[in-house]
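Let's take a friendly walk through a protein model together. Have the structure open beside you as you read.

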Amino acid sequence: MNKLRIGFLLVLTLLAGLAHADRLDDIKKAGVLRIAAFDSNPPFGFIDPTTKQTVGLDVDYGKAFADKLGVKLEILSTNPANRIPLLTSNKVDLVLANFTITDERAKQVNFSIPYFASGQQFIAKKGVLKSPDQLNSLRIGVDKGTTNEIVLREKYPSATLVAYDDTPFAFTALRNGNVQAITQDGPKLIGLLANVPDKENYEIPPFSISDDLIGVGIPKGETALTEFVNETLRELEANGQAQKIYDAWFGPHTKTPLARIYKIGDKS
Amino acid sequence: MLFDSLLAPKYLGWLLDGFVVTVVLSALTCASATALGFVLCLGRIARSPFWSLPVRFFLSLFRNTPLLVQLFFWYFGAAALMPESVLHWLNQPHHWRLPLFGVTWPPFEYVAGFFGLTLYTAAFIAEEFRAGVQGVPPGQARAALALGLRRYQVWLSVIMPQAVRISLPPLLGQYMNAVKNSSLTMAIGLAELSYASRQVETETFKTFQAFGIATLLYIGLIVLIELAGQWIQHRQPAH
């Protein structure tokens, strides 16, 4: 039975190899899964100060994929604007970097089913920002190359946007008073605020201006790899692993407690 | 198909807005850096160490550190040192009505970007001027003094005209550098041409078109400086 299975698999891989080289096979052959993750966006991807390793929710999902494949995990650091180029230039196999699914991006890359959902929220000094209407008259810091920038410009055309290279820079600008608010996905802002020494001066006003679904970025046209990622994600939700990963970063005992409102498979 | 691969007018408008900012920023930087560079050059060649030592220190500090770090320092670092009230004033829009035209105080990105670029460029221009002054044979100054000219006359009619001509080509090179260096201000959120091209790329994913047009605009600006330089050098009377 087992021998038959292996033989069948061998024939299949041979046939697949003849048809066209498949990224999923390449990964298995190389024994390494290369993912791109953030290195300064807790709790999605950041450098652990004690171990000096990249860790986070995105990285944990990457580990789960690598474990299922039985290959080693290699993590490349990325910033928001580099995510698509890394995939199209074949530098990584998957992008797990808080990657919001959009139609525009889906023209360039394949997306998995969403494994996380978040809304675009704001950080401001306490008392400055109370309702979304005020956004039109404020200077707001955004991260270059993110959907946050695009959504904000579409919904609040009179707001003045200043784009920075990443969220820590935007936050410094907020602290210096160059901008009155900065915007990012809610969970990322909570993660950022948790590490701020004077966090009592800032707040995340309780409204969001969008609902973003976060997926795994996969090279365009890699059907087998996309199937594998989707299947693994559903499995992780079914066996409770997804909840464990979530609790490790957003559970009630973490620095960034946030209720889990989205489960894998809720939307696709 | 052809229209698919072009940029929508809205995005061309963004690039053009960015280009205008780049042109204005570069022009202001070049003008003020030339004036400041001239003063620094005088300080640098002064005989008294009271003037030359601080200027030497300034020049080596600004010439030997990366411009990007300097821009971060002025925008993020210096801002953190300023008192809250000063910072608040700098970040607010201000408008003054003068007899002929109104003046609007720009956002802090523009102030910090202009300031950082000017200091950096001035440090290089000062050394170009010094090279020009030293390129005039010292015998000429002595001869002019021996003929009875006063020191300021020697400077104005013997050294300066020659020094300016010697330092003109490298000076234009510095102007071109200033144009290219202005692209670094995108890191502090200044909406110049590189910033605009990055934004267009983000929204349209038309990477080649966005950066291609930006490149052409930069080349156009550099070519203009080059042509202006050739024209000026052509007009100078031959000796």
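## Chain A as a whole

Among contacts in chain A between residues at least 6 apart in sequence, 68% link residues at least 24 apart; two residues are in contact if their C-beta atoms, placed from the backbone, lie within 7 Å. This is a predicted model, where local features need pLDDT of at least 70 and side-chain atom pairs count only at pLDDT 80 or more, while totals for chains, interfaces and linings use all residues. Residues are numbered from 1 along each chain as its sequence is written, and chains are lettered from A and ligands numbered from 1 in the order in which they are written.

Chain A has 10 helices and 13 strands. These are DSSP runs numbered from the N terminus: helices are H or I with at least four residues, strands E with at least two. Of the 268 residues in chain A, 44% are buried. A residue is buried if 20 or more other C-beta atoms lie within 10 Å of its own, exposed if 12 or fewer, and partly exposed in between, with C-beta atoms placed from the backbone.

## A buried strand

How many residues of strand β11 (residues 181–185) of chain A are buried? Five of the five are, so β11(A) is largely enclosed by the rest of the structure.

Two strands pair if DSSP finds at least two bridges between them. Strand β8 (residues 116–125) of chain A runs antiparallel to β11(A), joined by five bridges, and A:I123 has A:I182 as its bridge partner there. Strand β9 (residues 139–143) of chain A pairs with β11(A) in the parallel sense over two bridges, with A:I140 opposite A:A181.

## A three-stranded sheet

In chain A, three strands form an open antiparallel sheet in the order β2-β3-β4. β2 (40–41) and β4 (54–55) of chain A stand at the edges with a single partner strand each, so one side of each has no neighbour in the sheet.

Two bridges join β2(A) to the antiparallel strand β3 (residues 45–47) of chain A. Look for A:N41, which stands opposite A:G45 in β3(A).

## Where the chains meet

The contact takes 17 residues from chain A and 16 residues from chain B. On the side of chain A that touches chain B, the elements giving two or more residues are α6 (147–155), β10 (160–164) and α7 (167–176) of chain A.
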